[in-house]
Amino acid sequence: MELESFLRQCALLDATLSLDDHRHATEQFGLSYREVESVALEMGIIPLRYLRNQSTISSAQQKILFDSHVLIVGCGGLGGHIAEILTRIGIGRLSLYDFDTFEEHNLNRQNFSTLTDLGREKALVVKEALERINPSIEIQSFVQKFDPLKEKQRLEEASVVIDAVDNPQTKLDLAKSCQELGIHFVHGAIAGMQGQFTTDSTLEQLYPNGERGAELVSGNPAFTVTLAASIQASETIKLLLDIGESLKDTFLVTDLLYNEFEKLPL
Amino acid sequence: MIEITVKLFAQYRADHFKLEKRVYPKGTAVEGVIIETGIPIERFPIGVIMVNGRHFQESHILEDGDILSLFPKVGGG
């Protein structure tokens, strides 16, 4: 039996592919989860794991996400949560960068930081965890500091670049390089109960210099991190699917202490 | 004299205010308001300065009726 016939038979009832059938297909046809998923999506059959994405995300849009590549710079607070959201939603390729290892003071907020992984490289731990969630995603992880001014080729390979670093100078460089290369860029930053966001903008107006900000004093509580990760992930999905309104030329500030969302032009 | 609506955000609100109309001498720059309000810019450096919803520098001279918004710099990830 051909793979297409197999998938068609599996999807007879509800046009979905269950994990069991997905696994059988990999075994029967000697293919990877990724290869099977690609054919299924091409046929309009969605893996059952994505069923609750619908109808916010259609089957055709699910294929667009599968064919997309997102580069996440930083696997700490923002990056770890963003990476999980994008893996669950079905982005086909992720590149993760982080030079750091998990430390005890990361446990308050950083996704996939656990007692057993303290001391291990964040980029590797996050990749392993994501692969346990969704084996169809191609995940490359790099244990290194990302230099946006030197690694433009890496940026050019991505559909969207996400700023999940905690260093204003790197944020500035990343935004500048993405703008020069014409690549979508999703900025996010947090301090205390506050978050700030913009998309496809350079960041000179937000960072008068490369020095650190209020986060040095106010810290980064988990609820601010996960809100910020959600906003950056949804910006990414909107850009990839060309839907809704992005934060292009817009500065969004969120403040959970006062439940405020302030949107200003940049 | 000029009347400026000053809006403070996030860490600047503690021990200060969210929004107040304040009176300054004509020719006052943004920097003058920052000093007069006493917001803790040593502890929380200035990030974004908006006047009437547009970005400006600290040296910008304010005019009567302006709305000045001050945001601390936020860089955590």
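The model is predicted: local features need pLDDT of at least 70, side-chain atom pairs count only at pLDDT 80 or more, and totals for chains, interfaces and linings use all residues. Residues are numbered from 1 along each chain as its sequence is written, chains are lettered from A and ligands numbered from 1 in the order in which they are written, and side-chain values use heavy atoms, with hydrogens and water left out. Chain A is assigned domain 1 (3-60) and domain 2 (68-265); such bounds come from an automatic or database domain assignment. Between chain B and chain A, about 2300 Å² is buried. Buried area is the accessible area (1.4 Å probe) that two parts lose on being put together, summed over both.

**Domain 1 against domain 2 in chain A**

- The domain centres, taken over C-alpha atoms, are separated by 30 Å.
- Eight residues of domain 1 are in contact with 13 residues of domain 2 (contact means heavy atoms within 4.5 Å).
- The area buried between the two domains is about 810 Å², and carbon and sulfur atoms give 48% of that.
- On the domain 1 side, A:Arg34, A:Arg49 and A:Tyr50 lose the most area to domain 2, together 59% of what that side buries.
- The two domains share one salt bridge (a side-chain nitrogen of Lys or Arg within 4 Å of a carboxyl oxygen of Asp or Glu).
- A:Glu138 and A:Arg34 form a salt bridge at 3.6 Å, N to O.
- A:Arg34 and A:Glu138 are also linked with A:Arg93 in a network of salt bridges.
- Helix α3 (residues 33-42) of chain A supplies the largest share of the domain 1 side, three residues. Helices (H or I, at least four residues) and strands (E, at least two) are DSSP runs, numbered from the N terminus.

**Chain B against chain A**

- 22 residues of chain B are in contact with 38 residues of chain A.
- Carbon and sulfur atoms give 57% of the area buried between these chains.
- In chain B, B:Lys73, B:Val74 and B:Gly77 lose the most area to chain A, together 30% of what that side buries.
- Three salt bridges cross this interface.
- A:Glu260 and B:Lys18 form a salt bridge at 3.4 Å, N to O.
- β3 (46-51) and β5 (67-72) of chain B each supply at least two residues of the chain B side. The largest share, four residues, comes from β3(B).

**Selected residues of chain A**

- A:Gln205 sits in the loop between β8 (194-199) and α9 (215-218). Beyond four places in sequence, A:Gln205 touches A:Leu266, B:Gly47, B:Val48 and B:His55.
- A:Gln205 counts as partly exposed because its relative accessibility is 28%. Buried means under 20% relative accessible area, exposed over 50%, partly exposed in between (1.4 Å probe, protein chains only).
- A:Ser177 lies in helix α8 (residues 168-181) and counts as buried, at 0% relative accessibility. Leaving aside neighbours within four places in sequence, A:Ser177 is in contact with A:Pro148, A:Leu149, A:Lys152 and A:Leu155.
- A:Asn106 is in the loop between β4 (93-97) and α6 (122-133). At 2% relative accessibility, A:Asn106 counts as buried.

**Salt bridges within helices of chain A**

- The structure holds 22 salt bridges over all chains.
- A:Asp20 and A:Arg23 form one at 2.9 Å, N to O. They are three residues apart in helix α2 (residues 19-29), so about one helical turn separates them.
- A:Arg88 pairs with A:Glu84, with the closest N and O atoms 2.7 Å apart. A:Arg88 counts as partly exposed at 45% relative accessibility, while A:Glu84 counts as buried at 17%.
- A:Glu235 forms a salt bridge with A:Lys238, with the closest N and O atoms 2.7 Å apart. Both lie in helix α10 (residues 222-241).
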